[in-house]
Amino acid sequence: MPTSHAVILAAGFGSRLQADEGHKLLVKIGGRTMLSRHLENFHRLGVSHVTVVTGYENEVLARAIAEGEKRESITVRCAHNPDFKTSNGISVLAGVDDALANIGEAAVPFWLTMSDHLFDPAMFLKLRETFAPAYGDRSDGVQGMLVVDQKLDSIFDMPDANKLAFDKAALARGVAPQDAPLGAIGKDLPEFELVDAGLFWCGAGFAQALRAERDARGDCCTSDAVRRLDARGAMAFWDLGEHLWQDVDTPEARGHAEVIAGEWR
């Protein structure tokens, strides 16, 4: 089935950013809201349904989305996660469950991103031409893909970045990190090869992995799904190459985002 659905996680407090706009999804970079940028990017991938998962002050965000800028080709729906203080995997499942109830089988597979991640629009054209044809119609094999970045010198806030380390024996044989078995994923890794850019393609197995982790320990995050899927050879990593991105979660990061978004214009 073609990937026509996307989930945007926007349930958090956003306290580190201290934005006048309130929610990160309403923050303007280069004169355009993050929501507008996400919708444009997903439009390039053929998405027709977007689920925004809300949490903190959900009614405020849902109203702003309903009254804000839209794309005629994309239906935007809000799904509330009352447990938004838990890890982000709970929000992913809230979005998937709402979409399954309202748009049916088109809910899976789906694209997934965080509300505060800004991406070079040209990256989505590359995704459409390379990754999407290979995996967008598949129902078996690869069940998850994470966009990664190996340009470590370009990461604005490395301590806050989610890092990936890969099997050293495979790397020693000359295997590219994104093609090697995953060793570890997390923010506090002392050694690593790639950084998580916060954009996923998710098959049914991705949601199943989150549910399994939640059932096992009462909580789950996207990194749990990555670990579980990679352990059975069902996870892919897609290097974004020369394209830039930015996690807009502090005033300083927002300033940096304005700079790189200006170059895209």
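In this predicted model, strand β13 gives three residues to the lining of the largest pocket, which is the largest share that comes from any element.

**The largest pocket**
- The space in the largest pocket comes to about 1100 Å³, and of the 41 residues that line this pocket, those closest to its centre are Lys24, Met114, Asp116, Lys187 and Asp247.
- Two or more lining residues come from each of the strands β1 (5-10), β11 (194-202) and β13 (245-247), and likewise from each of the helices α3 (88-103), α8 and α9 (251-264).
- Sorted by class, the lining of this pocket holds 17 polar, 13 nonpolar and eleven charged residues.

**Helices α7 and α8**
- Helix α7, which spans residues 204-217, and helix α8, which spans residues 222-231, have axes that come within 8 Å and cross at roughly 110°, which means that α7 is roughly perpendicular to α8.
- On the α7 side the contact is made by Gly205, Phe206, Ala209, Leu210, Ala212, Glu213, Ala216 and Arg217, while on the α8 side it is made by Thr222, Asp224, Ala225, Arg228 and Leu229.
- The residues of this contact between α7 and α8 comprise seven nonpolar, four charged and two polar ones.

**Helix α1**
- Helix α1, made up of residues 34-44, is mostly covered, with nine of its eleven residues buried.
- The buried residues of α1 are Met34, Leu35, Ser36, Arg37, His38, Leu39, Glu40, Asn41 and Phe42.
- Just after α1 comes Gly46, which takes a positive phi of about 85°.

Technical notes: Residues are numbered from 1 along each chain as its sequence is written. This is a predicted model: local features need pLDDT of at least 70, side-chain atom pairs count only at pLDDT 80 or more; totals for chains, interfaces and linings use all residues. Side-chain values use heavy atoms; hydrogens and water are left out. Axes are lines fitted to C-alpha atoms, for helices over the stretch in contact, and angles run from 0 to 180 degrees between N-to-C directions. Helices (H or I, at least four residues) and strands (E, at least two) are DSSP runs, numbered from the N terminus. Angles under 35 degrees count as roughly parallel, over 145 as roughly antiparallel, 65 to 115 as roughly perpendicular and the rest as oblique. Contact means heavy atoms within 4.5 Å. Ala, Val, Leu, Ile, Met, Phe, Trp, Tyr, Cys and Pro count as nonpolar, Asp, Glu, Lys and Arg as charged, and the others, Gly among them, as polar. On a 1 Å grid over the protein atoms alone, a cavity is a set of points where a 1.4 Å probe fits but cannot get out, and a pocket is an open set with protein on both sides within 12 Å along at least five of seven lines; lining residues have an atom within 4 Å of a point. Grid points are joined across faces, edges and corners, and a volume is the space filled by probe spheres set on the points. Buried means under 20% relative accessible area, exposed over 50%, partly exposed in between (1.4 Å probe, protein chains only).
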